[in-house]
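Have the model open and follow along.

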Amino acid sequence: MKFSFPVTCGCGETFPVNVSGAQFHKYAHCPKCHSSIWLVEPLGNVVGMAILGRAASEVQNGDWTLAIVLGAMAVECDMAYLFMKWKGVDLETRTPGEADHEEWEKQWREEVRTVAARLDKVSGLLTGQAFDSFLAQNAALLMPVHKRYPASTSEPSPKKFFIAELFHKRNRIVHFGEINFQQADAEMCLTCATSLSQILSAMDAQRRLALDAKHAAHLKTPS
């Protein structure tokens, strides 16, 4: 799989680094100041990052319909990854096996079939709150969307907004064969997908902090 991810140089220049498969470059050269930059392979869901990077590339390349499909796919990949990751962490006393993976995949497929249910499921697992409730307390995460699309502020449910603007468009493509989407549609969907990826990352970070606090409290407790 070919994709790219942005790198920011110390001179302020941001430029894409191309990746093929799982082979990450060890360093990159800034096209502006020609400095060499040592690269560290990103943590987290690299597959989701790769798909989102391809979505951004397709927006630039003018394949707007494919960009919409890839944007939605990237978010669904991130949601599934986080669900499986924290199911494994919650086992605590043992490493998950094949039976665990099969059970979690069955739960993901059969118990939370809709995008709305999956957004709430992941948010609940990571933050203890429904998706919209988490964003009500972390409104800054919606600023990129609100800034670029001011009309989004009139929708009281961010979950409904993202579903309508990203996943409903994806469904029109894959379910009904509509392929006449335009640049503005693709840019809207990429903004939504990127924001959702950042929101899910914030939820993941909150769960990690909660886990760290739990471990710290346990260490302070006299045995």
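## The bend

Helix 7 bends by about 35° at Ala164, taking the bend as the angle between axes fitted to the seven residues ending there and the seven starting there. Helices here are DSSP runs (H or I, at least four residues), numbered from the N terminus. Helix 7 has 17 residues and spans 23 Å from first C-alpha to last, close to the expected 24 Å, which is 1.5 Å times one less than the number of residues.

This is a predicted model: local features need pLDDT of at least 70, side-chain atom pairs count only at pLDDT 80 or more, and totals for chains, interfaces and linings use all residues. Residues are numbered from 1 along each chain as its sequence is written, and side-chain values use heavy atoms, with hydrogens and water left out.

## What's tucked away

Buried residues (under 20% relative accessible area, 1.4 Å probe, protein chains only) in helix 7 include Phe161, Phe162, Lys169 and Arg170. The buried residues of helix 7 pack against helices 2, 4, 5, 6 and 8, with contact meaning heavy atoms within 4.5 Å.

## The cavity

The structure holds 1 cavity of 30 Å³ or more; a cavity is a set of points on a 1 Å grid over the protein atoms alone where a 1.4 Å probe fits but cannot get out, and lining residues have an atom within 4 Å of a point. The largest cavity has about 40 Å³ of space, the volume filled by probe spheres set on the points.

Among its lining residues are Leu142, His146, Glu155 and Phe162. Helix 7 gives the most to the lining, with 3 residues.

Definitions and conventions:
On a 1 Å grid over the protein atoms alone, a cavity is a set of points where a 1.4 Å probe fits but cannot get out, and a pocket is an open set with protein on both sides within 12 Å along at least five of seven lines; lining residues have an atom within 4 Å of a point. Helices (H or I, at least four residues) and strands (E, at least two) are DSSP runs, numbered from the N terminus. Buried means under 20% relative accessible area, exposed over 50%, partly exposed in between (1.4 Å probe, protein chains only).
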